[in-house]
Amino acid sequence: MKEIVIISGKGGTGKTSITASFAVLGGTNVVLADCDVDAADMHLLMQPDFGNEHDFYSGELAYIDQSNCTRCGLCRQICRFDAISVIDGEYVVAPIDCEGCGYCARVCPTKTIINKKLLAGKWYISNIKTGSQMVHARLETGADNSGKLVAKVKDEAKAIALGKRKDYILVDGSPGVGCPVVSSLSGANFVVLVTEPSVSGLHDLKRVHQLVKKFNIRAGCIINKADINPGLSNDIKLFLEKENIAHLADLPYNEDFTMAMTQGETIVEYRQGTLTALIKESWEKIKVLTNQNKIK
Amino acid sequence: MKPSDWLMINQQPFKIAIASGKGGTGKTTLSVNLAAYIAEQEDVVLVDLDVEEPNSGLFFEGKLVHEEDNLKMIPQWDESLCTLCGLCPKVCNFHAIMQLGPTILVFPELCHSCYACAELCPVNALPMTPKVIGKLRDYQVDKLHFVESRLNIGEEQAVASIAKTKKYVAGKYAEVRIALFDSPPGTSCPVIEATKDADFVILITEPTPFGLHDLTLAVETMRKLEKPFGVVVNRDGIGNDEVLRYCKAENIPVLARIPNSRKIAELYSAGKLIYPEFPEIRESLGHILDYCLSTAERSPA
Amino acid sequence: MKIAFTAAGTNWDSMIDPRFGRTEYIVIHDENSEELIAIDNSAVKNEAHGAGTATSQRIFELKPDVLITGNGPGDTAAKALAHMKMKIFVGAQDMTLKQAYEKYKSGELKEV
């Protein structure tokens, strides 16, 4: 079983559409994991049945039990996040400001403050239209994506893949360069970087690749909308060459991506054209490279 | 009272935050174009609060007028005072402190600056001290003032840098009438920090199923924060009309629709402004601005 | 010598867990006593933040001489382990503990 992670650093590069296309091409042999939980959109293309729902708890939140509170005000004094205020004479915690550091609970003289596990969202195991399964999540507003949720989603996908003897897990990775993306990458056999030839696209590609390098994971790159700025596309290719990243494909600027999405389809289902051919070719290359990625 | 009068007597700029549920929908495009448009007439501040990946600056070649460190408070171990009692690693909920035999190790990137270790230490061996986590830079091109904060790689506490940047702007540009805040994407803490004291929030989205889904999450967030907000549809013409239908059903004003065009994508990729080439976009920017400012009149809170 | 593995299970035939901070188990092999001890790391795995340092703290308490893992520790964990002067060998993902141990013995694992 191999784990392939698709990341992009910057948003809006077509990462999710491309991942979904690979999932369709891989069919029943691919378990999907949507770890882009900040903007979890994969379900819009995969017709999940949300069959199996679970609560996800992460971090803590201070809670003040009013019946035992002596209104001494110590908690409010020590809180650096201004998360405790007095409303109608009662000390209350604003969940949006509380960082869950637990300091107030430690100093409360009557031990009336407790740290509650914070319900950060939900995660699901769904049957999807490819005949396979997908693990995905939804965060509560204001909840932070964390390495823990990403690890959870990936673990569940891995368990399914092992149990049902699937060859691949496809992970739609988290954005940015922080803890969630580290967790997305951790354990991967191959990384697909999706980028676009814009000043910010190249900049973000370089940043996220630093992480990939650190984890010693073999990587390939798809340049989406490559023809929109040939000069920058060329700069990206030079960077790929220098860093020994496999150049998987140049995808042309094409509104079929959006048209397909509007139908709730991936591009490979929507139209059999150049774009679909290029994506199919990329997927074949990825499979070869992933399986070549043998132990050094 | 005219909005302009109200704005004159209010000692702070009118704060417009530009946000979106996901990245790549045109947040930066709208922010830089709106800022440049306003700067044709009057002073304006554009603040890039996407501190992990500030990109607005790629569109301007400004003169650097001010630079300062962004700091965060972290505990610093004082070996001479420490009795190795073992309390500090226990009180840290973020695993930012380790005790390795006779050594206390602090991991600044994991620290949330809650002060628990410093203040609970019985011998005061972990005093809080400032650490540089990034830089704030203030640039100027004619009437456009551009402020960005950039976190150093590996630093994760975006919220503190965002708060600090807002404070800097409030102090230095109290006289400017309008401030624009380019917010980080998503619906998590950094976005909330970036938008929570805005006077108006513009949510930018695309008319696609992804765009609609992310917009509904952003709307949920703004309603939770009780912010007045409106929607700008980018790449109008692709996809379908579900976003427009949703806005209508939810009674959300659609401030403008920026047409889908390959030319715009090309200009963006090259780091260029779009409105000078498209008269209809110039008109839209004017409309967006008027609408935002008119809300000041309706709710002078 | 005491060897620590990040592991998905508790015995020699278990797979190496490629992750460091959020590894399922830490398995310790004592070469002198030929014992194999598995420590459940699920409590750390369920931490929202700081899994890397939390697992490092456990490694410190277990006092192995060598750590064998998959992708390698992240930044913060690497710092903590460096402080302990831990010898770290990576690239053992897709191997069982037994295979990884053999590769380590024959000098085929990469040291970081």
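These legends accompany several close-up views of a predicted model.

**View 1. Where chain B meets chain A.** Let us start with the contact between these two chains, to which chain B gives 51 residues and chain A gives 51 residues. Together, chain B and chain A bury about 4400 Å², and carbon and sulfur atoms account for 54% of that area. As for charged pairs, 4 salt bridges are counted between chain B and chain A. There are also 17 residue pairs in polar contact between chain B and chain A.

**View 2. The chain B side of that contact.** Which elements of chain B give two or more residues to the side that touches chain A? They are helix H3 (87–91), helix H4 (116–120), helix H6 (189–195), H7 and helix H9 (262–269) of chain B. H7(B) gives the most, with 9 residues. Sorted by class, the side of chain B that touches chain A has 19 nonpolar, 18 polar and 14 charged residues.

**View 3. A salt bridge between B:Lys196 and A:Asp97.** Here you can look at a salt bridge formed by B:Lys196 with A:Asp97. The closest N and O atoms of B:Lys196 and A:Asp97 lie 3.6 Å apart.

**View 4. Where chain A meets chain C.** Now we turn to another pair of chains: 20 residues of chain A are in contact with 20 residues of chain C. About 1500 Å² is buried between chain A and chain C, with 45% of it coming from carbon and sulfur atoms. The interface of chain A and chain C has 3 salt bridges. A:Lys2 forms a salt bridge with C:Asp94, and their closest N and O atoms are 3.9 Å apart.

**View 5. The chain A side facing chain C.** Strand E3 (52–64), helix H5 (147–163) and helix H6 (179–185) of chain A each provide at least two residues of the side that touches chain C. The largest share comes from H5(A), with 4 residues. This side of chain A has 6 nonpolar, 9 polar and 5 charged residues.

View 6. Which residues of helix H8 (residues 242–249) of chain B are buried? They are B:Val243, B:Tyr246 and B:Cys247. These residues sit on the same side of H8(B) because they cover an arc of only 100° around the axis. The face turned away from the buried side carries the exposed residues B:Lys248 and B:Ala249. Covering the buried residues are elements of chain B including strand E9 (200–205), helix H7 (209–225), strand E10 (229–236) and strand E11 (254–259). Just after H8(B), look for B:Asn251, which takes a positive phi of about 60°.

How values were computed:
Residues numbered from 1 in each chain as written. Chains lettered and ligands numbered in written order. Predicted model: local features only at pLDDT ≥ 70, side-chain atom pairs only at ≥ 80, totals over all residues. Heavy atoms only, no water. Contact = heavy atoms within 4.5 Å. Buried area = accessible area lost by both parts, 1.4 Å probe. Salt bridge = Lys/Arg side-chain N within 4 Å of Asp/Glu carboxyl O. Nonpolar A, V, L, I, M, F, W, Y, C, P; charged D, E, K, R; others polar. Buried < 20%, exposed > 50% of the residue type's maximum accessible area, 1.4 Å probe, protein only. Arc of directions from axis to C-beta. Polar contact = N/O pair within 3.5 Å; in protein donor to acceptor, adjacent residues only side chain to side chain.
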